[in-house]
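Biologist: Hello! Could you walk me through how two parts of a protein chain meet?
Modeller: Gladly, let us look at it together.

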Amino acid sequence: MDTQTLLQLDRDHVWHPCTQQKDHEKLPPIAIERAEGVYLIDKSGHRYIDAVSSWWVNLFGHNHPRLNNALKTQIDKVSHHIFAGFTHEPAVELASRLCRLAPAGLNRVFFTDNGSSAVEAALKMSFQYWQQTQRPQKTKFVSLTDAYHGETVGALSVSGCSLYKDIYRPILLEGFQVQGPDCFRCPYGLQRESCPAPCFEALGKLVADQHQEIAGIIVEPLLQAAAGMRIYPPSYLRQLRELCDRFEVHYIADEIATGFGRTGKMFANDHAGVSPDLLCLSKGITGGTMPLAVVLATDRMYDAFYGDYVDLKAFLHSHSYTGNPLACAVAVEVLHIFEQENILDSLAPKTALLADSQSRFEALPHVGEVRQLGMVWAAEMVQKKAGKIPYPWQERRGLEVYKCALERGVVLRPLGNVIYCMPPLTTTENELREILDVAYEAIAEVTRS
Ligand SMILES: *Cc1c(COP(=O)(O)O)cnc(C)c1O
């Protein structure tokens with residue numbers, strides 16, 4: 001199909017995610033034909049560095065031979081089969097390996113097929129746990145402002161980004177939302193690196209007052225990614241764990257974005273040395289090849305659902321593609337690659353390179369902050385540095401940076417006024433330098449006027 005026909009048919013029939021389709025009148029989608037390493041390649045051969053890991057899913061680059069082989073080997077055995085009453089080696093191997101790698105105490109794995117549905121499953125598990133352990137009044141969830149936990153109705157209910165949420169409020173679940181950490185605009189005037197997180201007080205107070213009604217607290221550990229790559233210190237998570245223990249509330253960790261090495265450790269919770277009661281994983285789990293998600297749970301959680309059928313305690317929740325063997329086979333290979341290629345150890349010079357860019361970017365008159373955690377890097381553009389005044393969102397400065405960077409061969413999909421990169425973990429230092437140079441030029445150009 002020639003590109004023009006393809007784009008015409010796309011305009012006629014395809015509804016793209018998270019997109020005002022009218023934008024395509026001026027900026028049509030780019031038709032990708034193939035990909036290799038960090039590059040997406042379009043039909044006319046233009047190459048774009050995928051600096052956002054294709055919405056945070058890709059870990060080791062595109063078209064990875066080992067991941068492709070794992071998929072090909074599995075496809076000749078069985079692509080999919082029912083996972084109730086049946087099981088298979090890739091799922092079993094993946095589950096047992098994940099339990100060994102995950103923060104201590106998480107020993108049970110429930111499969112779903114995307115991040116939002118993992119969050120839904122975790123919320124339902126937490127709720128049902130209290131129903132089955134004589135605390136039926138614990139029915140509500142606490143989340144943080146600007147949180148992002150997905151787009152399905154339950155997940156959206158515990159999210160905080162008003163852009164995605166406001167219009168749906170009448171159909172969302174009732175719960176509590178407390179002011180989350182905002183280190184760039186810290187109301188206490190503290191520095192992120194040395195911070196004991198006094199902003200935790202808001203959450204502490206709410207839970208102390210309302211714990212009788214609270215089933216769980218869901219957070220994105222250390223990184224509120226969709227909120228604009230907001231990064232907060234591990235001390236917040238340690239206080240959260242203590243609070244949950246003291247008031248008998250589940251700590252539900254959404255590591256859908258942060259899991260699998262993004263933050264420099266396997267899981268963001270590892271920076272704080274804490275374990276959640278429920279852990280949601282997806283995105284990087286298959287290295288960006290197949291949809292898959294899991295919820296890890298403690299034995300204590302699991303045991304509350306275990307009993308004779310007639311007690312009706314089972315977790316009666318399923319998805320058609322639960323435990324898909326193709327996805328599980330690739331996910332197992334992802335874990336092999338982590339181990340055999342020492343991926344986590346290889347990150348140090350790269351994360352240092354990202355961190356070192358701070359002074360260069362912050363010297364720009366309209367960059368308010370550069371923040372970085374592991375392989376996540378972000379620059380927040382401001383209209384005025386004094387007072388950290390944001391550009392009006394209607395100006396769509398981030399989109400302008402995106403266009404500018406695209407012309408220079410780098411995909412830097414923005415989040416409002418925040419330009420970020422979250423490249424594959426295997427991105428080379430030279431490629432990282434290119435990403436940063438392009439980000440610098442694009443930001444400088446778009447903030448000149
Ligand atoms: C992407 C994301 C989700 C939702 O996952 P989907 O697979 O897009 O449904 C949930 N939580 C976090 C932190 C995410 O980054």
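**Where the domains meet**

Modeller: Between domain 1 and domain 2 the count is two salt bridges. This is a predicted model, in which local features need pLDDT of at least 70 and side-chain atom pairs count only at pLDDT 80 or more, while totals for chains, interfaces and linings use all residues. Residues are numbered from 1 along each chain as its sequence is written, and side-chain values use heavy atoms, with hydrogens and water left out.

Biologist: Why is the pair E369 and R192 called a salt bridge?
Modeller: The term asks for a side-chain nitrogen of Lys or Arg within 4 Å of a carboxyl oxygen of Asp or Glu. The closest N and O atoms of E369 and R192 are 3.2 Å apart, so the pair qualifies.

Biologist: What makes domain 1 and domain 2 separate domains?
Modeller: The bounds come from an automatic or database domain assignment, which gives 31-59 + 344-447 as domain 1 and 69-340 as domain 2. Taken over C-alpha atoms, their centres are 27 Å apart.

Biologist: Which residues count as being in contact, and how many does each domain give?
Modeller: Contact means heavy atoms within 4.5 Å; domain 1 gives 28 residues and domain 2 gives 26.

Biologist: How do you know what area is buried between domain 1 and domain 2?
Modeller: Buried area is the accessible area (1.4 Å probe) that two parts lose on being put together, summed over both. Here that is about 2,400 Å², with 66% from carbon and sulfur atoms. W56, L59 and L373 supply 28% of the area that domain 1 buries against domain 2, more than any other three residues.
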